[in-house]
Amino acid sequence: MSAVEVIRTKRDGARLSDEQIRWFVDAYTRGEVAHEQAAALCMAIFLRGMEPAELATWTDAMLRSGERLDLSDLRRPSVDKHSTGGVGDKVSLVLVPLVAACGAAVPQLSGRGLGHTGGTLDKLEAIPGWRAVLSNDEIRRVLRDEGGVICAAGEGLAPADRKLYALRDITATVESIPLIASSIMSKKIAEGTGALVLDVKVGRGAFMADLADARSLAETMVGLGEAHGVRTRALLTGMDTPMGRTAGNALEVAEAVEVLQGGGPPDLVELTVALAREMLDLVGIEADPAAALADGTAHQRWRAIISAQGGDPDAPLPLAAERHTVVAPRSGVLQRLDALDVGVAAWRLGAGRARKEDPVSATAGVTWRATVGEPVVAGAPLLELHGDDPARFEGALAALEGAFDIGAAPVGAAPLVLGRVVPEHGAGRR
Ligand code: URA
């Protein structure tokens, strides 16, 4: 088999054979195919696409490049959620203890944030003592004892994706539906969950700005999950406006705890409960997630899960040394708050990283006092920047220029759930 021949096949628009795909993914993972050759193949896939059968084999080869966690000894049905990433999206922090409190086991193996969207592990690392890296035995123990675990996906899960994702990141080949779908689903199938709900974000702050593309990504991922025996559904959800009122690691943990204590911003509560309902329905558990938020059982689960991973749920979260307030220039109704601009501002303050190995700040971020549809008053605080390094404020303020519109006309909040994708054969339909 020759790497050049595989690249030429895809470059010229032909279908890769199963043999070609399995050989290439395995040889690249083992270091026998050069990065330049893998980069060329990713670009050819980006430009030419993949047929469903080709993509199924490609995903399976990525999955088989490493181990698959065995969660078959759990006494509860397992179900996880994956979000394609948004600004202020701290849903996982609430959802894992919430769905665990309702009786399922939630194995949330996550990554770190890259670019303007935050990463769940970076957020939780703001909690003193909390450990993201667990052994496979620890993952199984926390999951069995507490019903949920949120931790780093180990090196052994889908190592082909680890190499391919780093390569795509530096070769402008991230935004390809087959490459995104295979990357996400190889990792999620490898973590061993029996069921999966995908939150595919659409809008300015998301990978997919367009609803049709997001639906196509969701359908592709649902098909891949089902083909590997993982019951999978997806919600398409809006990401033009950032979620909740905070973007930044410790700031988002504090907001998630508010929701777990029965409060918090309505959009965050609504989306978390909608995703929890899908997850519980998929595994046949009849429980009311809204009740588990209101009666404190989800909060108790949070405390147990955080403690089991070395974190102190009672420790104060770190606060930024410096703040800068942006006031509303006029009175009226907030018509627009741009998720991408807010995400870039939080990132420039230090909440996110540009390269995988960069450190992130626990305290940096942006908070906003009003969201779309709410009244604002001239001269009153609208946005607040948080950070330890005042030199970063200028860049963040530049990102926020033009980030919002204030007008006289009343506007309703944009709908959060824009669509739902279930398997074609109807399994998993209500
Ligand atoms: N997240 C992933 O894990 N992979 C992608 O390709 C894009 C987002």
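**Figure 1. Contacts of Leu383 in the predicted model.** Leaving aside residues up to four places away in sequence, Leu383 touches His324, Thr325, Val326, Leu337, Val366, Thr367, Trp368, Leu400 and Phe404. Leu383 is also among the residues with the most contacts inside the largest nonpolar core, together with Val99, Trp302 and Leu382.

**Figure 2. The nonpolar cores.** The largest core has 75 residues. Helix H12 gives the most to this core, with 8 residues. At least three residues come from each of domain 2 (80-314 + 417-421) and domain 3 (322-407).

**Figure 3. Helix H12, residues 266-282.** The 17 residues of H12 should span 24 Å at 1.5 Å a residue, and the end C-alpha atoms are 24 Å apart, so the two values agree. Buried residues of H12 include Leu268, Leu271, Val273, Leu275, Met279 and Leu282. Asp267, Thr272 and Glu278 in H12 are buried as well. Just after the helix, Gly284 takes a positive phi of about 70°.

**Figure 4. The aromatic pair of Trp23 and Phe24.** The structure holds 1 aromatic pair. Its rings, from Trp23 and Phe24, are edge-to-face, with 6.2 Å centre to centre and 75° between the planes. Trp23 has a relative accessible area of 26% and is therefore partly exposed. Phe24 is at 2% relative accessibility, so Phe24 counts as buried.

**Figure 5. Lysines over tyrosine rings.** Lys163 lies over the face of Tyr28, at 4.5 Å from the ring centre. Lys187 lies over the face of Tyr165, at 5.6 Å from the ring centre.

How values were computed
Residues numbered from 1 in each chain as written. Predicted model: local features only at pLDDT ≥ 70, side-chain atom pairs only at ≥ 80, totals over all residues. Heavy atoms only, no water. Helix = DSSP H or I, 4+ residues; strand = E, 2+ residues; numbered from the N terminus. Expected span 1.5 Å × (residues − 1). Buried < 20%, exposed > 50% of the residue type's maximum accessible area, 1.4 Å probe, protein only. Core = buried A, V, L, I, M, F, W, Y, C linked by side-chain atoms within 4.5 Å. Domains from an automatic or database assignment. Contact = heavy atoms within 4.5 Å. Phe/Tyr/Trp six-rings, centres within 6.5 Å; stacked < 30°, edge-to-face > 60°. Lys NZ or Arg CZ within 6 Å of the ring centre and 35° of its normal.
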